[in-house]
Every structure is written in C-alpha cells, then in structure tokens.
Amino acid sequence: MSTSDRSINPDVERFGDQRAGMTSVEIDSSHLVMLSHPVEVAGVIRDAAAAW
C-alpha cells in the first residue's frame, strides 16, 4: 500500500484491508508504487509466492 497516495486515501485502504482480513505492506510512495519502488514491490511478490 502506498502511504502517500493521493488517489486512494491510505486510511480508507487500511480500513478495507482490515475488514477483508488481508495482510498489507506499506511503502512510503505515491499511487504508482510499482514504478517508484520496483525492487521493494518485487520482494513483496516473491515473499507472497513463497508463502503460498
């Protein structure tokens, strides 16, 4: 989740994640976190795939 997102309010996103019982990872970034932090996003994807 992008903590500096101005398109989707991070507090609203946190609420939705908690309500759905999801685990989320927060990265201080704008809306397109995959473009500004590709290494971190790839690491989250790798960790999720390994846990599955």
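Glu 26 is partly exposed in this predicted model, because its relative accessible area is 41%, which falls between the limits of 20% for buried and 50% for exposed. Glu 26 forms a salt bridge with Arg 14, and the closest N and O atoms of the two are 2.8 Å apart. This pair links distant parts of the chain, since Arg 14 belongs to helix α1 while Glu 26 sits in the loop between α1 and α2 (33-36), 12 residues apart.

- Side chains of opposite charge can pair when their charged atoms come close.
- A search of the whole structure finds 2 salt bridges, and one of them joins the side chains of Asp 11 and Arg 14, with a distance of 2.6 Å from N to O.
- Asp 11 and Arg 14 are 3 residues apart in helix α1, which means that about one helical turn separates them.
- Arg 14 counts as partly exposed, with a relative accessibility of 24%, whereas Asp 11 reaches 52% and therefore counts as exposed.

- Helix α1 covers residues 10-20, and its N-terminal end is capped by Asn 9, which has a side-chain oxygen 2.7 Å from the backbone nitrogen of Asp 11.
- Just after α1 comes Gly 21, a residue that takes a positive phi of about 75 degrees.

**Two buried serines**

- Ser 29 is found in the loop between α1 and α2, and because its relative accessible area is 5%, under the limit of 20%, this residue is buried.
- The side chain of Ser 29 is joined to the side chain of Ser 36 by a polar contact of 2.7 Å.
- If neighbours within four places in sequence are left aside, Ser 29 is in contact with Ser 2, Thr 3, Ser 4, Asp 5, Ser 36 and His 37.
- Ser 2 lies in the segment before α1, and with a relative accessibility of 5% this residue counts as buried.
- Which residues does Ser 2 touch, not counting those up to four places away in sequence? The partners of Ser 2 are Pro 10, Ile 27, Ser 29, Ser 30, His 31 and Val 33.

**The chain as a whole**

- The protein chain holds 3 helices and 0 strands, so that, read along the sequence, its pattern is α-α-α.
- Taken along the principal axes, the box filled by the C-alpha atoms of the protein chain is roughly 30 × 25 × 10 Å.
- Of the 52 residues in the protein chain, 19% are buried, and the accessible surface of the chain comes to about 4200 Å², with 58% of that area belonging to carbon and sulfur atoms.
- Among the contacts in the protein chain with a separation of 6 or more, 45% are made by residues 24 or more positions apart.

Definitions and conventions
Residues are numbered from 1 along each chain as its sequence is written. This is a predicted model: local features need pLDDT of at least 70, side-chain atom pairs count only at pLDDT 80 or more; totals for chains, interfaces and linings use all residues. Side-chain values use heavy atoms; hydrogens and water are left out. Helices (H or I, at least four residues) and strands (E, at least two) are DSSP runs, numbered from the N terminus. Buried means under 20% relative accessible area, exposed over 50%, partly exposed in between (1.4 Å probe, protein chains only). Contact means heavy atoms within 4.5 Å. Accessible areas come from the Shrake-Rupley method with a 1.4 Å probe; for residues, only the protein chains shown count as cover. A polar contact is a pair of N or O atoms within 3.5 Å; within protein, one must be able to donate a hydrogen and the other to accept it, and residues adjacent in sequence count only if both atoms are side-chain atoms. A salt bridge is a side-chain nitrogen of Lys or Arg within 4 Å of a carboxyl oxygen of Asp or Glu.
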